[in-house]
Structures are given as C-alpha cells and as structure tokens.
Amino acid sequence: MATYKKRGYKPNTKVEKEIEVEDNSTTAEVFNTLDESANKAEEFVEKNQKNIFIIIGVVAALALGYLVYQQFIVKPKQGEAMNEMYQAQKFFNEAVTSSVAQDSLYNLALKGGEGKLGMIDIADQYSGTAAGNLANYYAGMAYLNIKNYEQAIVYLDKFESEDEALAPMAKGAIGDAFVQLTDKENALDYYTQAANLRQNEFTAPTYLYKAGIIALDLGKASKALDFFNKIKDNYPNSPEATQAEVFIGKAQAMSN
C-alpha cells in the first residue's frame with residue numbers, strides 16, 4: 001500500500017516501518033518486472049534480428065521498387081501511349097463530327113492508321129497507364145457507334161475513372177449497349193449505376209430518365225416513379241424534367 005510522504009519524513013512506528021518496507025518492496029518488484037521485460041525484448045531481437053532485418057529490407061525494397069517503377073517505367077510508357085493515342089483520338093473526333101464514312105473513321109480509331117496504333121492496341125500494350133485506361137473508353141464508344149455492342153461492353157467495363165462526367169457516361173453507355181441487345185434488365189442496372197455515380201446536372205437526370213423509361217417498359221412502375229420523381233425534385237431545370245412530369249402520370253396509373 002503506497003502512502004504519500006513529505007520530504008524528510010521518517011517512519012516512527014512499527015506499522016509505518018512495515019509500510020515503508022512494503023513500498024520499497026513493491027517498487028523493487030516493478031523495476032524487476034521492467035528489467036525482465038526489457039531483457040525478454042532484447043533476447044527476442046537477438047534471436048530474430050535476421051528475420052527482422054529481412055522484413056525491413058523487403059519493405060524498403062518494395063517501396064523503392066514502386067518508386068523506380070513509377071519513375072522509369074510508368075511515366076515513360078504514359079508519354080509513349082499519349083503520343084500513340086493522338087492520331088487515334090483524331091480519327092475518333094472526326095468520326096463524331098463527320099456525316100460520312102463514320103464507320104471507317106471509327107475503325108481507324110480502333111485499329112490505327114497513319115503509322116500509329118489504334119485504341120485496341122493502346123489499351124493492350126499500355127495497360128496500367130492513364131492513357132491505356134482512357135483507350136478502353138474510346139474503344140468502347142467506337143464499338144458502340146459501329147453497333148458492335150458486345151465489344152463495346154467489354155471495353156467500357158474495363159474503363160475506370162473518378163471523372164465527374166466520364167465515369168457515369170461509361171456506365172450509361174454500357175446501359176445503351178444492353179438496350180440494343182434487348183437485355184433490359186442489365187440496361188436498367190447500368191442506367192441506375194450511372195445515375196447514382198455522380199449527382200450532377202449533366203449526367204444524373206439523363207440516366208434517371210433512361211432508367212425510368214426502361215423500368216416502365218419492364219412493368220416496374222414503382223421504380224420508374226422513383227426515378228422520375230428524383231428528376232422532378234432534384235433536377236427541375238434539366239431538359240428531362242418536363243418530360244418526367246408526363247411519365248410520372250403514366251407510372252402512377254400503372255401502379256394503381
């Protein structure tokens with residue numbers, strides 16, 4: 001039992017002397033325990049120092065390897081990929097704005113031309129780079145436009161992005177492909193994903209509207225009503241808001 005002692009305090013009674021001895025004994029035990037713990041830790045380090053150094057070495061090597069990989073492999077590959085992609089992007093943009101030979105231009109964007117790779121090879125050869133990832137998006141959209149819907153889904157599904165517009169647009173384009181394949185259940189799923197991915201005025205009302213139309217077509221009136229009400233409540237100034245009012249009535253009639 002520990003007691004508070006003022007400076008200069010000396011035990012006088014037998015009980016006080018016993019308490020003093022007990023306090024000293026307890027203190028000694030604490031220090032002995034600390035010494036034993038320290039000794040055990042030292043023994044552990046001594047016995048396992050080889051393994052400890054190996055682990056430290058592996059962690060350091062991995063960190064260094066990652067930095068080297070990023071600096072001397074990923075960055076140069078990214079530059080090469082962007083250089084290759086320039087011509088393929090040009091073909092793609094020409095296809096979007098052209099009224100003739102669109103399929104030919106989309107195919108050039110996919111397969112390459114003018115001595116440069118197309119989006120298919122860029123996505124393959126430069127996978128792991130930002131350019132390789134973006135090539136998946138371009139390839140998917142090109143395939144969608146030439147009506148190769150299965151390949152459009154394959155490439156768009158590989159595309160990953162945190163971009164406010166591109167991320168939902170890729171999901172929505174997969175929904176478009178499934179509509180063309182008459183797979184409306186999957187189309188509804190991807191339109192819903194696209195609508196929920198970003199809550200912005202540009203993409204969200206578009207995919208809420210598409211999801212609502214498909215839900216109505218599938219006889220899922222309550223889901224459709226939810227999609228159209230979200231447009232009305234959250235995006236009243238969007239072009240889809242006026243049309244949503246009409247379909248809200250249809251969804252309500254189907255629900256009754």
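1. In which helix does N83 lie? N83 belongs to helix α1, residues 14-97. Helices here are DSSP runs of H or I with at least four residues, strands are runs of E with at least two, and both are numbered from the N terminus. With a relative accessible area of 46%, N83 is partly exposed. The scale is as follows: buried is under 20% relative accessible area, exposed is over 50%, and partly exposed is in between, with a 1.4 Å probe and protein chains only. The C-alpha atoms of N83 and K116 are separated by 8.8 Å, and these residues are 33 apart along the chain.

2. Basis of the note. This is a predicted model, in which local features need pLDDT of at least 70 and side-chain atom pairs count only at pLDDT 80 or more, while totals for chains, interfaces and linings use all residues. Residues are numbered from 1 along each chain as its sequence is written, and side-chain values use heavy atoms, with hydrogens and water left out.

3. Overall make-up. The chain has 10 helices and two strands. Their order along the sequence is α-α-β-β-α-α-α-α-α-α-α-α. Of its 256 residues, 34% count as buried. Among contacts with a separation of 6 or more, 50% are between residues 24 or more positions apart; a contact means heavy atoms within 4.5 Å.

4. Helices α6 and α8. Helix α6 (residues 166-180) packs on helix α8 (residues 204-217) at an angle of about 25°, and their axes are 11 Å apart. Axes are lines fitted to C-alpha atoms, for helices over the stretch in contact, and angles run from 0 to 180 degrees between N-to-C directions. The two helices are therefore roughly parallel to each other. The classes are roughly parallel for angles under 35 degrees, roughly antiparallel for angles over 145, roughly perpendicular for 65 to 115, and oblique for the rest. On the α6 side, P168, M169, G172, D176 and V179 meet Y207, K210 and I214 of α8. By class, this contact has five nonpolar, one polar and two charged residues. Ala, Val, Leu, Ile, Met, Phe, Trp, Tyr, Cys and Pro count as nonpolar, Asp, Glu, Lys and Arg as charged, and the others, Gly among them, as polar.

5. Helices α8 and α9. The axes of α8 and helix α9 (residues 221-234) come within 8 Å and cross at roughly 155°. These helices are therefore roughly antiparallel to each other. From α8, the residues P205, L208, Y209, A211, G212, I213, A215 and L216 meet K223, A224, F227, F228, K230 and I231 of α9. The residues of this contact divide into 11 nonpolar, one polar and two charged.

6. I174 and its surroundings. I174 is found in helix α6. At 1% relative accessibility, I174 counts as buried. Leaving aside residues up to four places away in sequence, I174 touches I153, L156, D157 and Y190.

7. Helix α5. In helix α5 (residues 149-158), the buried residues are Y149, A152, I153, Y155 and L156. Their cover includes α3, α4 and α6.

8. T129. This residue sits in the loop between α3 (119-125) and α4 (130-145). Is T129 buried or exposed? T129 counts as buried, at 6% relative accessibility. The side chain of T129 reaches the backbone nitrogen of G132 at 3.0 Å.

9. Positive phi values. Most residues other than glycine have a negative phi. Phi of E114 is near 55°, a positive value in a residue other than glycine. E114 is placed in the loop between β1 (112-113) and β2 (116-117). At 66% relative accessibility, E114 counts as exposed. T182 also has a positive phi, of about 55°, although it is not a glycine. T182 lies in the loop between α6 and α7 (184-197), and T182 is exposed, with a relative accessible area of 67%.

Key: A polar contact is a pair of N or O atoms within 3.5 Å; within protein, one must be able to donate a hydrogen and the other to accept it, and residues adjacent in sequence count only if both atoms are side-chain atoms.
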